[in-house]
Structure formats: C-alpha cells, structure tokens
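Biologist: I am new to this structure, and I would like to go through it slowly with you. Could you show it to me before I ask anything?

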Amino acid sequence: MSTILALVEHDAGVPRKVSLQVLAAARALADDVHAVAFGPGAADAAAALGAHGATTLHTFDDAAVTSYATGPHAVALAAALDASGAGVLLYPADPFLTDIVARTAVRRGAGVITDAVDLTVADDGLVATKAIFGGDMLSQCRVRDGHPAFVGIKANAFAAADDADGEPA
C-alpha cells in the first residue's frame with residue numbers, strides 16, 4: 001500500500017494508547033503513514049507520533065474542532081485526506097470518531113468497516129478481519145474496488161510499537 005492516513009486522538013499533545021495501536025497497524029501495511037490530529041495540543045503530539053511511525057502529521061486546532069459537533073471534524077478530516085493522498089484511513093473505533101468518519105465517508109463515496117481486529121492485503125486491496133457473534137466467528141470484509149477504505153480498529157487489536165525509533169512527524 002502506498003499511503004495510509006491514521007486518525008489519532010490525544011490528550012493535550014500526548015497520543016492515546018489506541019492511537020499508537022492504529023499507527024502500528026498502519027506501519028505494518030505502508031511505509032508512508034500520515035496522521036491527523038484535532039484540537040489544541042495536536043502539534044505537540046508530533047514527536048511521539050513520529051516515533052511510532054507517522055511520517056507526516058496534519059493538525060487542526062481551530063476552535064471549531066474543540067466541541068463534540070462532528071461537522072467541523074469531518075471537514076478537517078476531508079482536508080487531511082486530500083493533503084495526504086491516502087486511499088485508506090485507519091481510526092480508533094469509538095462512537096465519536098466513527099460518526100466523524102461516517103460523515104466523511106458519505107461525502108467521499110468511501111466504504112467503512114468498523115471494529116477490525118486484523119488487517120491484511122490481498123489482490124491489491126485491504127482485507128479487514130472482524131470478530132462477530134461475540135467473538136465466536138471471524139468475518140473478513142473488504143471495500144469494493146475503486147472506493148476509499150475507512151477502517152475502524154478495535155482497541156487492543158494491535159500492539160503499539162515498543163521500538164519507537166522514528167523521527168518526529
């Protein structure tokens with residue numbers, strides 16, 4: 001895969017654990033991993049995100065993205081997708097981010113897969129594995145060819161890289 005965009009969460013510039021897990025998943029699939037972070041302190045996360053594999057950080061710290069209104073976040077996410085050129089977006093699967101991603105997906109004609117526990121590449125496309133029926137079965141999902149793929153990563157599905165040896169994003 002060429003470029004993946006990872007939507008990351010942070011607390012005052014400190015990336016959340018699940019965001020580092022999303023970066024680990026992205027880094028396993030692509031050499032060029034862009035990250036996007038919203039809100040005050042987003043730029044302060046650059047060193048930590050770069051150390052965990054992000055090559056570029058897109059930040060949006062406008063006052064409009066400090067509320068729980070998802071419209072401004074969706075606009076900012078679309079701008080990050082344009083700037084990165086990514087056809088794949090990985091994000092922590094939580095209700096607020098899923099709403100932002102869903103709004104962006106509708107505007108982009110993208111396919112959304114939520115709660116992925118594994119990712120692979122097959123036939124030049126991303127395949128997401130989901131646990132279904134309380135984890136009793138696994139389902140493999142794929143976005144139709146020609147459409148961007150937005151994939152929500154379930155918390156603790158991927159281990160955050162311990163070898164944080166990258167450069168600041």
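Predicted model: local features only at pLDDT ≥ 70, side-chain atom pairs only at ≥ 80, totals over all residues.

Biologist: In which helix is Thr104 found, and is Thr104 buried or exposed?

Modeller: Helices (H or I, at least four residues) and strands (E, at least two) are DSSP runs numbered from the N terminus, and Thr104 is found in helix 4, residues 95–108. Buried means under 20% relative accessible area, exposed over 50%, and partly exposed in between, with a 1.4 Å probe and protein chains only. Because its relative accessibility is 1%, Thr104 counts as buried.

Biologist: Which residues is Thr104 in contact with, leaving aside its neighbours within four places in sequence?

Modeller: Contact here means heavy atoms within 4.5 Å. With those neighbours within four places in sequence left aside, Thr104 is in contact with Ala74, Leu77, Ala78, Leu81 and Phe150.

Biologist: Which backbone oxygen does the side chain of Thr104 reach?

Modeller: The distance from the side chain of Thr104 to this backbone oxygen is 2.9 Å. The residue that carries the oxygen is Ile100.

Biologist: How are helix 3 and helix 4 oriented to each other?

Modeller: Two packed helices are described by the angle between their axes and the distance between the axes. Axes are lines fitted to C-alpha atoms, for helices over the stretch in contact, and angles run from 0 to 180 degrees between N-to-C directions; helix 3 (residues 70–84) and helix 4 pack at about 60°, with their axes 9 Å apart. Angles under 35 degrees count as roughly parallel, over 145 as roughly antiparallel, 65 to 115 as roughly perpendicular and the rest as oblique. Helix 3 and helix 4 are therefore oblique.

Biologist: How do the residues of the contact of helix 3 with helix 4 divide?

Modeller: The contact is made by residues including Ala74, Leu77 and Asp82 of helix 3, and Phe96, Thr104 and Arg107 of helix 4. Ala, Val, Leu, Ile, Met, Phe, Trp, Tyr, Cys and Pro count as nonpolar, Asp, Glu, Lys and Arg as charged, and the others, Gly among them, as polar. On that basis the residues of this contact divide into eight nonpolar, four polar and five charged.

Biologist: Is Asp124 buried or exposed?

Modeller: The place of Asp124 is in the loop between strand 7 and strand 8 (125–132), and its phi is near 60°, a positive value in a residue other than glycine. Most residues other than glycine have a negative phi. Because its relative accessibility is 77%, Asp124 counts as exposed.

Biologist: In which strand is Asp115 found?

Modeller: Asp115 has a phi near 60°, which is positive in a residue other than glycine, and at 33% relative accessibility Asp115 counts as partly exposed. The element in which Asp115 is found spans residues 111–122 and is strand 7.

Biologist: Is Ser19 buried or exposed?

Modeller: Ser19 is found in helix 1, residues 17–29, and, leaving aside neighbours within four places in sequence, is in contact with Val8, Glu9 and Pro92. At 0% relative accessibility, Ser19 counts as buried.

Methods: Residues numbered from 1 in each chain as written. Heavy atoms only, no water. Polar contact = N/O pair within 3.5 Å; in protein donor to acceptor, adjacent residues only side chain to side chain.
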